[in-house]
Amino acid sequence: MRLTDLPLRQPAFVETIDWESLSSVEGQRLREFGLCEGASVEALHHGGLLGRGPLAVKIGRMTVAMRRNHAAAVEVSTGPQEAQS
């Protein structure tokens with residue numbers, strides 16, 4: 001599921017990120033926040049009118065505001081993270 005569809009306060013892990021849908025500046029900014037495959041994430045709040053604005057997202061131990069189109073590029077999984085080989 002996409003990060004935009006993740007229920008609030010539901011811990012999840014990043015499965016994949018569609019880096020090609022983001023500009024290089026946007027991608028670099030998200031990487032600096034620690035957003036990468038395997039990172040733990042949690043949607044905390046939907047902003048804007050009717051919850052259609054930016055999201056407050058916990059990435060690891062940091063809370064950041066993320067534009068909705070950026071969050072839509074992030075696929076997450078709510079199950080236990082599988083061991084990477």
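## Aromatic rings and a charge over a ring

Two rings of Phe, Tyr or Trp (for Trp, the six-membered ring) count as a pair if their centres lie within 6.5 Å. By that rule, this predicted model holds 0 aromatic pairs.

Arg31 lies over the face of Trp19, at 3.8 Å from the ring centre.

## Overall layout

Let's step back to the whole chain. The protein chain has 2 helices and 5 strands, and from the N terminus on these elements run β-α-β-β-β-α-β.

How does the radius of gyration agree with that of a compact globule? For 85 residues, such a globule would have a value near 12 Å, and the protein chain has 12 Å, so the two agree. Along its principal axes, the C-alpha trace spans about 45 × 30 × 20 Å.

Buried residues make up 32% of the 85 residues in the chain. Among contacts with a separation of 6 or more, 62% are accounted for by residues 24 or more positions apart.

In soluble globular proteins, nonpolar side chains tend to be buried together. Here, the largest nonpolar core has 20 residues, and those with the most contacts inside it are Leu3, Leu35, Val41 and Met66. At least two residues of this core come from each of strand 1, strand 2 (40–46), strand 3 (55–59), strand 4 (62–66) and strand 5 (74–77).

Not counting residues up to four places away in sequence, Leu35 touches Val14, Ile17, Trp19, Leu30, Val41, Ile59, Met66 and Val74. That list includes Trp19, the residue whose ring face has Arg31 over it.

## The segment before strand 1

Thr4 lies in the segment before strand 1 (12–17). Is Thr4 buried or exposed? With a relative accessible area of 15%, Thr4 is buried, because the cut-off for that label is under 20%. Leaving aside neighbours within four places in sequence, Thr4 is in contact with His46, Leu55, Arg68, Ala71 and Ala72.

Arg9 is found in the segment before strand 1 as well, but Arg9 is exposed, with a relative accessible area of 57%. Arg9 also has a positive phi of about 65°, although it is not a glycine.

## One salt bridge

How many salt bridges does a search of the whole structure find? The search finds 1. Arg2 forms a salt bridge with Glu75, and the closest N and O atoms are 3.9 Å apart. This pair links distant parts of the chain: Arg2 is in the segment before strand 1 and Glu75 is in strand 5, 73 residues apart.

Both partners are partly exposed: Arg2 has a relative accessible area of 41%, and Glu75 has one of 28%.

Finally, take a look at His70, which is found in helix 2 (residues 68–71). His70 has a relative accessible area of 1%, so this residue is buried. Which residues is His70 in contact with, leaving aside its neighbours within four places in sequence? They are Leu22, Glu26, Arg29 and Leu30.

Conventions: Residues are numbered from 1 along each chain as its sequence is written. This is a predicted model: local features need pLDDT of at least 70, side-chain atom pairs count only at pLDDT 80 or more; totals for chains, interfaces and linings use all residues. Side-chain values use heavy atoms; hydrogens and water are left out. Helices (H or I, at least four residues) and strands (E, at least two) are DSSP runs, numbered from the N terminus. Buried means under 20% relative accessible area, exposed over 50%, partly exposed in between (1.4 Å probe, protein chains only). Contact means heavy atoms within 4.5 Å. A nonpolar core is a set of buried Ala, Val, Leu, Ile, Met, Phe, Trp, Tyr and Cys residues joined through side-chain atoms within 4.5 Å. Rings of Phe, Tyr and Trp (its six-membered ring) pair if their centres lie within 6.5 Å; planes under 30 degrees apart count as stacked, over 60 as edge-to-face and the rest as tilted. A charge sits over a ring if NZ of Lys or CZ of Arg is within 6 Å of the ring centre and within 35 degrees of the ring normal. A salt bridge is a side-chain nitrogen of Lys or Arg within 4 Å of a carboxyl oxygen of Asp or Glu. The radius of gyration is taken over C-alpha atoms; the globule rule is 2.2 Å times the number of residues to the power 0.38.
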